[in-house]
Amino acid sequence: NESGDIVEYIACANDITELIENQNLVQMLFNTDSLTGLGSRVKLLNDAELIERPVLAILDIKGFKQINELFGNSFADRILIETARELVSNRRLADILAFKENILLVAKETRLALQTRFGEDKQIYFTTGIAADKDNLMAYAEMALFGAKKIKQELLVYSPTDIRITADFEENLDIIRKVSEALSNDNVVAYFQPIINLQTGESEKYECLMRIIDTDGSVISPMK
(Lines give C-alpha, C1' and ligand atoms only; values in the text may rest on other atoms or scores of the structure.)
Protein backbone atom coordinates (compact mmCIF):
# COMPACT_ATOMS: atom_id res chain seq x y z
CA ASN A 1 0.00 0.00 0.00
CA GLU A 2 0.99 3.66 0.15
CA SER A 3 2.67 3.06 3.50
CA GLY A 4 4.86 0.29 2.12
CA ASP A 5 3.14 -2.46 4.11
CA ILE A 6 2.45 -5.88 2.54
CA VAL A 7 -1.30 -6.38 2.35
CA GLU A 8 -1.54 -9.49 0.15
CA TYR A 9 0.55 -12.18 -1.60
CA ILE A 10 0.40 -13.65 -5.09
CA ALA A 11 1.95 -17.11 -5.28
CA CYS A 12 2.35 -19.81 -7.93
CA ALA A 13 2.96 -23.38 -6.78
CA ASN A 14 3.74 -26.59 -8.65
CA ASP A 15 3.58 -30.07 -7.17
CA ILE A 16 6.95 -31.68 -7.95
CA THR A 17 6.38 -34.84 -5.88
CA GLU A 18 6.28 -37.04 -8.97
CA LEU A 19 9.49 -35.49 -10.30
CA ILE A 20 11.34 -36.11 -7.04
CA GLU A 21 10.03 -39.68 -6.86
CA ASN A 22 11.18 -40.34 -10.42
CA GLN A 23 14.62 -38.90 -9.65
CA ASN A 24 14.90 -41.16 -6.62
CA LEU A 25 13.84 -44.15 -8.72
CA VAL A 26 16.43 -43.40 -11.40
CA GLN A 27 19.11 -43.02 -8.73
CA MET A 28 18.13 -46.35 -7.17
CA LEU A 29 18.20 -48.15 -10.54
CA PHE A 30 21.56 -46.57 -11.34
CA ASN A 31 23.09 -47.80 -8.08
CA THR A 32 21.44 -51.24 -7.89
CA ASP A 33 21.88 -54.41 -9.91
CA SER A 34 18.41 -55.34 -11.13
CA LEU A 35 18.98 -59.10 -10.85
CA THR A 36 20.67 -59.56 -7.46
CA GLY A 37 19.61 -56.37 -5.73
CA LEU A 38 23.21 -55.67 -4.78
CA GLY A 39 25.02 -52.42 -5.46
CA SER A 40 26.05 -51.74 -9.04
CA ARG A 41 29.60 -51.28 -10.34
CA VAL A 42 29.06 -47.51 -10.21
CA LYS A 43 28.01 -47.64 -6.55
CA LEU A 44 30.98 -49.84 -5.76
CA LEU A 45 33.44 -47.35 -7.22
CA ASN A 46 31.70 -44.41 -5.53
CA ASP A 47 31.76 -46.18 -2.15
CA ALA A 48 35.43 -47.09 -2.60
CA GLU A 49 36.25 -43.40 -3.05
CA LEU A 50 35.09 -42.78 0.51
CA ILE A 51 37.41 -45.45 1.97
CA GLU A 52 40.99 -44.55 2.82
CA ARG A 53 42.44 -47.99 2.05
CA PRO A 54 39.90 -49.96 0.00
CA VAL A 55 40.34 -53.67 -0.75
CA LEU A 56 38.39 -55.30 -3.55
CA ALA A 57 37.88 -58.96 -4.42
CA ILE A 58 36.27 -59.97 -7.71
CA LEU A 59 34.81 -63.47 -7.75
CA ASP A 60 34.27 -65.05 -11.14
CA ILE A 61 32.13 -68.17 -11.60
CA LYS A 62 34.16 -70.65 -13.61
CA GLY A 63 32.50 -71.77 -16.81
CA PHE A 64 29.48 -69.54 -16.28
CA LYS A 65 28.97 -69.25 -20.03
CA GLN A 66 28.70 -73.02 -20.27
CA ILE A 67 26.29 -73.10 -17.33
CA ASN A 68 24.13 -70.55 -19.12
CA GLU A 69 24.17 -72.50 -22.38
CA LEU A 70 23.62 -75.91 -20.78
CA PHE A 71 20.96 -75.14 -18.19
CA GLY A 72 19.43 -71.94 -19.61
CA ASN A 73 19.26 -68.29 -18.63
CA SER A 74 16.73 -68.81 -15.85
CA PHE A 75 18.94 -71.32 -14.02
CA ALA A 76 22.04 -69.17 -14.55
CA ASP A 77 20.19 -66.18 -13.07
CA ARG A 78 19.29 -68.25 -10.01
CA ILE A 79 22.96 -69.13 -9.57
CA LEU A 80 23.86 -65.44 -9.57
CA ILE A 81 21.07 -64.54 -7.15
CA GLU A 82 21.92 -67.30 -4.69
CA THR A 83 25.64 -66.56 -4.93
CA ALA A 84 24.93 -62.93 -4.06
CA ARG A 85 22.84 -63.96 -1.06
CA GLU A 86 25.52 -66.29 0.23
CA LEU A 87 28.23 -63.65 -0.07
CA VAL A 88 26.17 -60.94 1.62
CA SER A 89 25.20 -63.19 4.52
CA ASN A 90 28.73 -64.47 5.17
CA ARG A 91 30.23 -62.63 8.13
CA ARG A 92 33.79 -63.70 7.37
CA LEU A 93 34.14 -60.88 4.84
CA ALA A 94 33.90 -58.31 7.63
CA ASP A 95 37.37 -59.31 8.92
CA ILE A 96 39.63 -57.19 6.71
CA LEU A 97 42.80 -58.38 8.46
CA ALA A 98 42.27 -61.93 7.19
CA PHE A 99 40.61 -60.92 3.93
CA LYS A 100 42.58 -63.17 1.58
CA GLU A 101 42.21 -66.28 3.74
CA ASN A 102 38.54 -65.58 4.38
CA ILE A 103 37.77 -65.09 0.68
CA LEU A 104 38.97 -68.64 0.03
CA LEU A 105 36.78 -69.95 2.84
CA VAL A 106 33.79 -67.91 1.68
CA ALA A 107 34.19 -69.19 -1.88
CA LYS A 108 34.29 -72.77 -0.62
CA GLU A 109 31.29 -72.30 1.67
CA THR A 110 29.33 -70.64 -1.13
CA ARG A 111 30.18 -73.48 -3.51
CA LEU A 112 29.00 -76.11 -1.02
CA ALA A 113 25.80 -74.16 -0.31
CA LEU A 114 25.00 -73.91 -4.02
CA GLN A 115 25.65 -77.61 -4.55
CA THR A 116 23.34 -78.46 -1.66
CA ARG A 117 20.68 -76.21 -3.13
CA PHE A 118 20.98 -77.15 -6.79
CA GLY A 119 22.40 -80.68 -6.68
CA GLU A 120 25.80 -82.32 -6.45
CA ASP A 121 26.01 -82.50 -10.25
CA LYS A 122 26.13 -78.70 -10.39
CA GLN A 123 29.82 -78.07 -9.79
CA ILE A 124 30.24 -74.35 -9.04
CA TYR A 125 33.77 -73.04 -8.59
CA PHE A 126 35.20 -69.53 -8.27
CA THR A 127 38.32 -67.70 -9.39
CA THR A 128 39.23 -64.58 -7.42
CA GLY A 129 41.32 -61.50 -8.04
CA ILE A 130 42.16 -59.14 -5.16
CA ALA A 131 43.59 -55.63 -5.17
CA ALA A 132 44.19 -52.88 -2.63
CA ASP A 133 44.79 -49.60 -4.40
CA LYS A 134 43.04 -46.26 -4.01
CA ASP A 135 43.45 -45.00 -7.56
CA ASN A 136 43.15 -48.16 -9.71
CA LEU A 137 41.16 -50.49 -7.50
CA MET A 138 38.88 -52.06 -10.12
CA ALA A 139 41.51 -52.25 -12.87
CA TYR A 140 44.07 -53.97 -10.63
CA ALA A 141 41.50 -56.43 -9.25
CA GLU A 142 40.49 -57.34 -12.80
CA MET A 143 44.15 -57.79 -13.76
CA ALA A 144 44.62 -60.10 -10.78
CA LEU A 145 41.52 -62.06 -11.79
CA PHE A 146 42.78 -62.42 -15.36
CA GLY A 147 46.17 -63.56 -14.06
CA ALA A 148 44.56 -66.14 -11.78
CA LYS A 149 42.57 -67.53 -14.71
CA LYS A 150 45.63 -67.73 -16.92
CA ILE A 151 47.75 -69.67 -14.44
CA LYS A 152 44.70 -71.68 -13.30
CA GLN A 153 45.02 -70.51 -9.72
CA GLU A 154 42.09 -70.17 -7.35
CA LEU A 155 43.10 -66.74 -6.08
CA LEU A 156 45.65 -64.11 -6.97
CA VAL A 157 46.45 -60.80 -5.27
CA TYR A 158 47.60 -57.93 -7.47
CA SER A 159 51.21 -56.88 -7.16
CA PRO A 160 53.06 -54.59 -9.59
CA THR A 161 56.12 -56.87 -9.27
CA ASP A 162 54.21 -60.07 -10.13
CA ILE A 163 55.19 -60.84 -13.71
CA ARG A 164 52.27 -63.25 -14.02
CA ILE A 165 49.98 -60.23 -13.86
CA THR A 166 52.01 -57.48 -15.49
CA ALA A 167 53.46 -59.42 -18.47
CA ASP A 168 50.17 -59.67 -20.33
CA PHE A 169 49.29 -56.08 -19.48
CA GLU A 170 52.60 -54.80 -20.85
CA GLU A 171 52.23 -56.97 -23.96
CA ASN A 172 48.76 -55.56 -24.58
CA LEU A 173 50.10 -52.01 -24.25
CA ASP A 174 52.83 -52.86 -26.75
CA ILE A 175 50.27 -54.22 -29.23
CA ILE A 176 48.11 -51.11 -28.82
CA ARG A 177 51.17 -48.94 -29.50
CA LYS A 178 52.04 -50.94 -32.61
CA VAL A 179 48.49 -50.73 -33.94
CA SER A 180 48.45 -46.97 -33.40
CA GLU A 181 51.80 -46.56 -35.16
CA ALA A 182 50.73 -48.82 -38.03
CA LEU A 183 47.59 -46.77 -38.62
CA SER A 184 49.56 -43.52 -38.53
CA ASN A 185 52.28 -44.83 -40.89
CA ASP A 186 49.94 -46.66 -43.27
CA ASN A 187 51.43 -50.04 -42.35
CA VAL A 188 48.11 -51.92 -42.36
CA VAL A 189 47.90 -54.07 -45.49
CA ALA A 190 45.36 -56.46 -46.97
CA TYR A 191 46.01 -60.13 -47.65
CA PHE A 192 43.62 -62.09 -49.83
CA GLN A 193 43.15 -65.75 -49.02
CA PRO A 194 41.43 -67.90 -51.68
CA ILE A 195 38.39 -69.95 -50.73
CA ILE A 196 38.48 -73.23 -52.66
CA ASN A 197 35.47 -75.19 -53.91
CA LEU A 198 36.29 -78.72 -52.76
CA GLN A 199 34.28 -80.25 -55.60
CA THR A 200 35.88 -78.31 -58.46
CA GLY A 201 39.21 -77.38 -56.86
CA GLU A 202 38.85 -73.82 -58.09
CA SER A 203 39.02 -70.53 -56.21
CA GLU A 204 35.51 -69.10 -56.15
CA LYS A 205 36.04 -66.16 -53.81
CA TYR A 206 38.59 -64.59 -51.49
CA GLU A 207 38.68 -63.80 -47.80
CA CYS A 208 40.20 -60.40 -47.04
CA LEU A 209 42.54 -60.37 -44.01
CA MET A 210 44.12 -57.22 -42.57
CA ARG A 211 47.68 -57.50 -41.27
CA ILE A 212 50.02 -55.06 -39.52
CA ILE A 213 53.59 -54.66 -40.72
CA ASP A 214 56.02 -54.25 -37.82
CA THR A 215 58.85 -51.70 -37.78
CA ASP A 216 61.33 -54.41 -38.86
CA GLY A 217 59.20 -55.29 -41.89
CA SER A 218 57.77 -58.52 -40.47
CA VAL A 219 54.07 -59.29 -40.39
CA ILE A 220 52.59 -59.35 -36.87
CA SER A 221 50.79 -62.62 -36.25
CA PRO A 222 47.02 -62.35 -35.63
CA MET A 223 47.53 -64.67 -32.67
CA LYS A 224 48.90 -61.66 -30.80
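**Briefing: selected residues in a predicted model**

At 73% relative accessibility, arginine 53 counts as exposed, a class that requires over 50% relative accessible area, whereas buried means under 20% and partly exposed lies in between, with a 1.4 Å probe and protein chains only. This is a predicted model, in which local features need pLDDT of at least 70 and side-chain atom pairs count only at pLDDT 80 or more, while totals for chains, interfaces and linings use all residues. Residues are numbered from 1 along each chain as its sequence is written, and side-chain values use heavy atoms, with hydrogens and water left out.

**Arginine 53 and its loop**

- Arginine 53 belongs to the loop that links α2 with β1 (56-61); helices (H or I, at least four residues) and strands (E, at least two) are DSSP runs, numbered from the N terminus.
- Between the C-alpha atoms of arginine 53 and leucine 38, which stand 15 residues apart along the chain, the separation is 22 Å.

**Serine 40, a buried loop residue**

- Serine 40 sits in the loop between α1 and α2 (41-49), and with a relative accessibility of 14% this serine counts as buried.
- A polar atom of the serine 40 side chain lies 2.9 Å from the backbone oxygen of phenylalanine 30.
- When residues up to four places away in sequence are not counted, serine 40 touches Phe30, Asn31, Thr32 and Asp33, where contact means heavy atoms within 4.5 Å.

**A nonpolar surface patch**

- Ile16, Leu19 and Ile20 together make up a nonpolar patch on the surface, with about 260 Å² of accessible area, as given by the Shrake-Rupley method with a 1.4 Å probe, where for residues only the protein chains shown count as cover.
- Isoleucine 16 is located in the segment before α1 (17-31) and is partly exposed, its relative accessible area being 46%.

**Positive phi values in loops**

- Lysine 152, in the loop between α6 (137-150) and β3 (155-157), has a phi near 55°, a positive value in a residue other than glycine, and it is exposed with a relative accessible area of 76%.
- Aspartate 186 lies in the loop between α7 (163-184) and β4 (188-196); its phi is near 60°, which is again positive in a residue other than glycine, and its relative accessible area of 65% makes aspartate 186 exposed.

Note on methods:
Patches are made of residues with over 30% relative accessible area and no salt bridge: like charges are joined within 9 Å, nonpolar side chains (Val, Leu, Ile, Met, Phe, Trp, Tyr) within 5 Å. A salt bridge is a side-chain nitrogen of Lys or Arg within 4 Å of a carboxyl oxygen of Asp or Glu. A polar contact is a pair of N or O atoms within 3.5 Å; within protein, one must be able to donate a hydrogen and the other to accept it, and residues adjacent in sequence count only if both atoms are side-chain atoms.
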